[in-house]
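Please look at the sequence and the structure shown below before reading on.

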Amino acid sequence: MHSMRTHLRPRHCPIAFAAALAMAGHAAYGQTSEVPKDAATPATVAANQLDRVEVTGRHYDNAVGSSDAASQGTIRAELLKSRPALRPGEVLEFVPGVIVTQHSGDGKANQYFLRGFNLDHGTDFATSVDGVPVNMPTHAHGQGYSDLNFLIPELVQRIEYRKGPYFASTGDFGSAGAADIAYQRRFDAPFAQLSLGENGYRRGVFGASTELASGATLLGALELMRNDGPWTVPEDLKKANLVLGYAAGSAAQGYSLRLMSYHAKWTATDQVPEGLVAAGSYDGRPFGRFDSLDPTTGGDTRRSSLSGEWHGEDAGGRTRVAAYAMGYALDLNSNFTYALERPDEGDQFKQADDRRVFGASASRRFGHTLGGLDARTEF
C-alpha cells in the first residue's frame, strides 16, 4: 500500500492539472460561444442563478490583527455548540493546549493541564465567569482551587483566553494563562433540554429571556442533574444550578446584573490500587476498577454570587466598572491512602472551606500615539 501511495503522486501532477484546466477552459469557451444571443433573457438568468451560500471557516477570533498576541484569542458560542462536553469544565478544552480531567467525582474541581503545566485544580490558570473570579486563594483543598462545575455550557457566549505570564491585567494565578468566560445576555428563543442515559444519568436545562418595556432584558436558566455513574458505590450526584440576569444598553454603553446559585452533593469516585484490580479480589470478595475501598468519602459544596458591571465609551476611550459579592462553602471527605498510616481507624480526613468574598475592579482604556505609532493604554 505504501508503494501505491507513492506511485499516485507523480512529479508532473501540477503540469497535468494545468493541462486539464486548459482543456476545461476551452470547452467552456466553446460552449459559451454557441449560445444564441437572445438566450440571455431575464427569465433565463433568474432560473440559472444560484442561492447564496456562506461558509465560515473558523469560530476562533485569533487571526493576525484580531488579537494582541498569537497566544491570545476569543472562542465564540458557535464553536461551543459544535461538540458535546462530558463535564462543565471541559469548555476550557476549546482553548488550544488545555486538557481537563476529573477525579473524586463530578462535584470536585477538575484537574487542568496546559502546555506541559500540571495546573492541579486550577493553580496558575486564572479563570472568571462574568467577571467573578473562580480561583480560590488559600483554599482548604488547594491553592487556586477552581471549581467550574457551577458553569452551564449552554449559556456561554464566548471565552477570551490568554496563555503566558505576560498579561499584566490577569493578576494572580495567571502565570500559565487565563480565561474569561462570558454568559449570554439574551436567548434567541426559550429552550428546554432533557438528557437521559445509563447508570442513572438525568439532566435537564431550561432557559428563557424576555424584553422588558424599558428595553432591558431579563434572563433565567435552571439546571438539574443526577448521576450514579458506573461505580459499584453509586456517585449519587445531585446538582442544582440557577442563573438570573438583567441587562440594559448596548455593547458600547450599558450595564448588567447577574445572580448565580449552585449546590452539589456527591460520593467520591476515588482511585483504587492497581494491585487489587490485577488480583481481582480483596478481603475475600471480587474487586474491579469500578469498586471502592471507602464508600464514605465525598463532598457537599455551595456557591452563590451577585455581580454587576457597567461600561461606557466616549470619544476619549472606554471605561468599565464591576463589582461582586460571593458566598462559598465546601465540606470534603477524602482518603488517599485508605488504611496505610492508621490501619485501625483509617486514613480518611476532612477539608472544609467557608468564606465570603467581595471584590471590585475599574479600568480606563484609551488610544494615543507613542513615538509616532498608534498605541493603546489601559489603567
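Leaving aside residues up to four places away in sequence, Arg87 touches Val100, Thr101, Gln102, Asp106 and Asn110, where a contact means heavy atoms within 4.5 Å. Arg87 itself lies in the loop between helix 4 and strand 3; helices (H or I, at least four residues) and strands (E, at least two) are DSSP runs, numbered from the N terminus. At 18% relative accessibility, Arg87 counts as buried, since buried means under 20% relative accessible area, exposed means over 50%, and partly exposed lies in between (1.4 Å probe, protein chains only).

This is a predicted model, in which local features need pLDDT of at least 70 and side-chain atom pairs count only at pLDDT 80 or more, while totals for chains, interfaces and linings use all residues. Residues are numbered from 1 along each chain as its sequence is written, and side-chain values use heavy atoms, with hydrogens and water left out. The predictor's confidence in each residue is given as pLDDT, from 0 to 100, and its mean over the chain is 86, with 84% of the residues reaching 70 or more. Over residues 1-33, however, pLDDT stays under 50, and for this stretch the model has 0 contacts beyond four places in sequence. Where pLDDT is low, the predicted coordinates should not be read in detail.

The chain as a whole has 5 helices and 20 strands, and 37% of its 379 residues count as buried. Among contacts between residues at least 6 apart in sequence, 56% join residues that are at least 24 apart.

How do the strands come together? Strands of a sheet pair through backbone hydrogen bonds, either parallel or antiparallel, and here two strands are said to pair if DSSP finds at least two bridges between them. An open sheet is formed by 3 strands in the order 3-4-5, with antiparallel pairing. Its edge strands are strand 3 and strand 5 (117-118), each of which pairs on one side only. Strand 4 is joined to strand 5 by 2 bridges, and Leu114 stands opposite Phe117 in strand 5.

Lys239 stands opposite Ala264 in strand 14. Strand 14 also pairs with strand 17 (residues 298-314), again in the antiparallel sense, over 15 bridges, and there Tyr255 stands opposite Trp310 in strand 17.

The next topic is the interior. A nonpolar core is a set of buried Ala, Val, Leu, Ile, Met, Phe, Trp, Tyr and Cys residues joined through side-chain atoms within 4.5 Å, and the largest one here has 35 residues, of which Leu92, Val129, Leu148, Ile159, Ile181 and Tyr183 have the most contacts inside it. Several elements each supply at least two residues of this core, among them helix 4 (77-80), strand 3 (98-101), strand 4 (111-114) and strand 14 (253-267). Apart from this core lies another, of 13 residues, including Met225, Tyr324, Leu330 and Val357. Returning to Leu92, its contacts, not counting residues up to four places away in sequence, include Val98, Tyr112, Phe125, Leu148 and Ile181.

The structure also holds 7 aromatic pairs, where rings of Phe, Tyr and Trp (its six-membered ring) pair if their centres lie within 6.5 Å, and planes under 30 degrees apart count as stacked, over 60 as edge-to-face and the rest as tilted. The rings of Phe336 and Phe349 have their centres 5.4 Å apart and their planes at 75°, so this pair is edge-to-face. Because Phe336 lies in the loop between strand 18 (317-334) and strand 19 (349-370), and Phe349 in strand 19, the pair ties together parts that are 13 residues apart in sequence. Phe336 is partly exposed, with a relative accessible area of 39%, and Phe349, at 29%, also counts as partly exposed. The rings of Phe366 and Phe379, by contrast, have their centres 6.1 Å apart and their planes at 20°, so that pair is stacked. Phe366 is partly exposed at 26%, whereas Phe379, at 64% relative accessibility, counts as exposed.
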